[in-house]
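Here is a structure to look over before you read on.

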Amino acid sequence: MFKTEEMEINLGPQHPSTHGVLRVKLHLDGETVVRCVPMIGYLHRGVEKICENKTFFQGQVWTDRTDYVASVSNNLGWAEGVEKLFGITVPRRAHYIRTMLTELNRITSHLLWLGTHALDIGAMTVFLYAFREREEILSIFEAFCGARLTTTAFRIGGLREDIPPGFEKQVRAFQARFLDCIDEYEILLTENRIWKKRTIGVAMLNAEDAIALGVTGPVLRAAGSAYDIRKAFPYAAYGEMDFDVATQPAGDTYARYLVRLEEMRQAHRIVNQCLDGLPEGPVMAKLPKVLKSEVNEIYHAIEAPKGELGYYFIGEKGGVNPYRMHIRAPSFINLQALSKMVEGRLLADVIAAIGTLDVVLGEVDR
Amino acid sequence: MIPMTPTLTQYLVISLLQIVVVLGFVMTLVPLLTFAERKVIAYVQVRLGATRVAGGLWGAQQGRTHQSRTFTGGLNGLMWWLGRVPVFSILRGLPMFIADALKLLTKEDIVPVNADKAVFVLSPALAMVAAFTVFAAISFAPGALFYFPASFPFLGGLPFNGFLTDINVGLLFILGVASVGVYGIVLGAWASNSKYPLLGGLRSAAQIVSYEVPLTLSLLVPVVLTGSLNFNEMSTRMATDVPVNGLVGIGRSLLMFVGFFVYTTCGFAETNRTPFDLAEAENELVAGFHTEYSGMKFSFFFLSEYASMITVSALATAFFLGGHYLLPFGLQPVWNHFFEHSSNAFMAWTCAPSILWFLLKIFFLLFVFLWVRATLPRYRYDQLMNVGWKFLIPYTLIMFVIAALLRYAA
Amino acid sequence: MAITKVWIEEGCIVCNACEAECPDVFHVTEESCHIKGDSRKDGHENENRDEKGELKADLQSSLEAAIVAAAAACPVEVIKYEQVASVEAQTPAAVSEAEPTVSQTAPVIDADIDHAVDAALGTALNVPAVPVAPIAPLPPVLAIVPPVIAAKPPVPPTALIPDAAKPRIAKVWIEEGCIVCNACEADSPEVFHVTETTCMIKAAVRLDGKETENRVEKNGLKPEEGERLITSIITASKGCPVDVIKYEVLGDAPLVEVKPHDAVEVAAGPYIFDYVTAPNRQVVMPKTVPLPSLHTYQEEQKAAAAADEAKWAKQQADFESAKTKAVTEGKDAPKPPVRALPKKNDNDMESPAPSEAKDPDLLHLMDLLDGKVSQAFEQSGELTLQVHPDGLVETLMFCKGDASLRYEMLADQTATHYPAADGFAFSVVYQLTSISRSKRLRVRVLVKDGQELESAVQIYPSANWMEREIYDMFGIRFNGHPDLTRILCPEDWEGYPLRKEYPTLGWGQRDIDFREDRSGVLMRMAMEKAGNMGINLKVPKAD
């Protein structure tokens, strides 16, 4: 009879839809994926080693470059982690501004995800619509800290500067029209038959598997588990904010899409609350000129757009560098679930799964 | 005027002239279509390039001071006044199109080392030839476009037709030749000796084979209804055959209406356009069957795709949208009934066949192609097959039976 | 009184100064400076760098003054010459710069050594230096006494030498060309100090008290230090891979057996970078073990309190004695001492201290894992449970399965390298999260180097990639892991990057600013330097 053999195909590291330099080794039977092995490390820069040789202030710059679409979140994780290590109390106003910027950053990250994910599935227009709004938020970041992408927005102990004049107006102008923009994306996708066909039931991951594989963030919440670090272990000003955790029971690509859209709406709510309730006061804690750590070991996790972003620090007595710094990168851990999601499914679903996991290779490889 | 019967030499000369004109028309239309695609998608997607680049060419818009000299200049002035960037100009984005064409012409032509060289070179040509030969049987104008004046040397008094050949089995010819195009894709994919093109080629073969069936079956609906395979005859009969029974007439129009959508769906699949562009699904297969192609070879595939878009639109126009007449779906007899003998010269003119209607409908359909591309996501491979075999083929078969019944009733 | 040889060392800047002084001997071209063929015995015209061909006999004395003047005029001091029987004419500096290798290779007659040493010291001027004519090559005036020779007992002591019988190093300096390899600092840490860019002679041993390469000034060592450190300096000099450490000996140098520096073969194929032995890629190893621990903290606190107490007691005793003394002498009593209050903290910073485990989870786990728990404490609001490696799997199973614990997720797993620690080399931490109870727990294990740890993959599947990463970065192996391969580094990577001994500077790191290198000299130096280190920087030619 006929002899058949599996075709081994390398998806990436140069491929339009692997969102960077992800390489996925696929064994295909026709177009059905028999085995899927993600291979990473093409962007490995040794950020942890570098940060061990930088001071606590210098290391923050490197966090911009891990998940480069959510640099403000990374900055927040770093700053709060170091503050926890030293036992620094940050002024309330700084907490509010940090929360606001981090939520805006969540919107940019989700917009980029939405655009690229829709593009992967073939819907081109959403990509450009999403980037239109993302530009505006990047301009807000630029007004705040002078950088659009690699922000280094915060300082250990608070903020370097208070918000600039005109900043609030700029944010409010964006806030005023953003909800309509989300509706616009929904018109294009949510009830689109092809979109639903391509996403419903695709790349399933139930809550048990997700928790066992350490998957966090929107992917876990779309499987029905309402684990959100902003609620579970409140940090920054999230304890004072009124917002809902978006969850969906289905655990498929469509559910993740709905969860992320809802998260953008909730982020919009939080930004409004931050603007309305912005307290007066200083934005920087009183600190000694040179920060010298005591022997301490902390793990501080925040809810980054991709999931649980944890910073693990070990401080040395009198050290100005972290003795050890480790990043618990959500993309890295979430990518573990890829094989489970796609094995036995079609090639096109691999693309959808990579998109829906929302990995950033700068963070996977660090 | 009595039509003269041309001698063989005259016939050959006129045919040659017609070929030049038709091919020239198509060859101009295809690149312009890419330009149009760029512009249309840019407007839909708020892209900044094609709506802005070089808007000031030829002094059309030189900023705020020269706004009102032209019509678009006036519109742009209005946009300035509204606080928007002025984007209304046909010229904006034109340099991108020119650069695109120059890029394709001057790019290095790479043949992979392990490719099957002869097939690799031949397959784009095959796709291109198939896509352009089809135009031999398409009738753009119902009869003669014009007659050479009697004083014209050698050709005086002879007609210059709006079609190359008026063959009886025009539809069969078109379907037959157009199917050859898939060999270009499959062979090109195979000859590349690479995995992604292979997958793309397989997808393309499977897709075209599956969609040929409903496409042909849906085209058979008007064929059965009118009883002709000829382009001109088809549109003429559609416009002039008044069904005796009014109910049959309504049924006929409804059937044509449904058939048009089925046909268009299959047409999208035949031309590998969104949402059926699986063969070249950029996000899955890098570039599909033409991953290894570059330069002019790539643009041959590219151009043949656009040429087949025109073919599909022309077929839809001729068979469903009333061809050279104004109204689609066999509604023309009603219109004619009221206005054919109208005293208004314009209304009387709308009852007559014209190349204008034909081209307008083609352009509209082409616009739909671009519009859909900007709107819809892509089907998955198995879903595409499901749509083809499980829905479209049964539907078209049912429609075929209904058409036969209607024909019998008439 | 004649100059027998003259040659140009590397580094000529083609300045024409020498030709101006002595046109008969020097000829400056576009690229280099040559010794003229007319003036040489062998008749060649080149820099005479290696051959050191002799000058023509008739010119040897007649041109002496001109050559000396040219050498003095050379701004970069690359003109070197050999002068015989002209001890007075030469400055010590010029002497010292003369080529030492000749004397090291030439058969040396004992008597001449004596003279040479005398000449070098400038103390035995009354002894005429007699060249031994028939034996060629002529032993030159020696700048450096080769240590491995059987020499006669030392020459006259001077007032400087504390113990006349003992030999000592008078001067030591570093010539140009140091590759900052740390070899000398390892051999003789009291004298040499290797920085990022160069090697210094430490201030503590020098007469002038400066810390420089001592290249130009050539200041002397302190006599007692020179005597004490003579062996180590000679060892360092012999051990220097590029032989740039030079010294002057007073007296008879001791016989030092030094393993010669291994010439590293330049790799022929693609580069091979041995990060462990690469000489200039050493890292500063941590000296402390910052392992947060309640025991250590308590001990430190106790010790600090005791020290405080002792200080206070001493202050009081001092005060008492001063008081009695003042009373007896009839003076005013001194002020009683005031106990210093702890420093007031006016910052918004309060360093978190570890405290006893009070959390029910920790207490529960300590009950469950009786004897397996090394310690449990809380710090910064985080719970830490340190367990013995044998009890790790048991601990994790309890954490996940126990109805009152329910730590469902292994959020993070990572390791830390403690090279300075006794009894262990790594700590591996597991950050557990209980989603249902909103709680976090850290489980810590201490591992020795080479010790295998049980894998957590069977309990927490998310450990899969994290354990691969730990293996990749630290080299800790996990028993029972389904696929323990490198994950971030390539499969053939050598070394474990997150260990503390792994250097942060690596192959390809630029320590030369090539933008300044218009003539390509630096590039050539870098290639040579890399070649010495076993790195082939040359781009292999395409076939």
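## Before you start

This is a predicted model, where local features need pLDDT of at least 70, side-chain atom pairs count only at pLDDT 80 or more, and totals for chains, interfaces and linings use all residues. Residues are numbered from 1 along each chain as its sequence is written, while chains are lettered from A and ligands numbered from 1 in the order in which they are written.

## The domains of chain C

Chain C splits into domain 1 (2-88 + 149-157), domain 2 (166-250), domain 3 (289-333), domain 4 (355-479) and domain 5 (503-543); the bounds come from an automatic or database domain assignment.

Let's pick out domains 3 and 4 of chain C, whose centres, taken over C-alpha atoms, are 41 Å apart. Their contact involves six residues of domain 3 of chain C and eight residues of domain 4 of chain C. Here, two residues are in contact if their C-beta atoms, placed from the backbone, lie within 7 Å. On the domain 3 side, you'll find four nonpolar, two polar and no charged residues. Ala, Val, Leu, Ile, Met, Phe, Trp, Tyr, Cys and Pro count as nonpolar, Asp, Glu, Lys and Arg as charged, and the others, Gly among them, as polar.

## Where chains A and C meet

Chain A puts 46 residues into its contact with chain C, and chain C puts in 35. Among the elements of chain A that each supply at least two residues to this side are α3 (71-86), β4 (296-304) and β5 (307-315). Helices (H or I, at least four residues) and strands (E, at least two) are DSSP runs, numbered from the N terminus. The chain A side has 21 nonpolar, 13 polar and 12 charged residues.

## Two helix pairs

In chain A, the axes of helix α6 (residues 167-189) and helix α11 (residues 253-276) come within 11 Å and cross at roughly 160°. Axes are lines fitted to C-alpha atoms, for helices over the stretch in contact, and angles run from 0 to 180 degrees between N-to-C directions. So α6(A) and α11(A) are roughly antiparallel (that word is for angles over 145 degrees, and roughly parallel for those under 35). Their contact has eight nonpolar, three polar and four charged residues.

Over in chain B, helix α6 (residues 195-226) and helix α14 (residues 381-409) pack at about 15°, with axes 8 Å apart. That makes α6(B) roughly parallel to α14(B). Their contact holds 20 nonpolar, five polar and two charged residues.

Conventions: Parallel < 35°, antiparallel > 145°, perpendicular 65-115°, else oblique.
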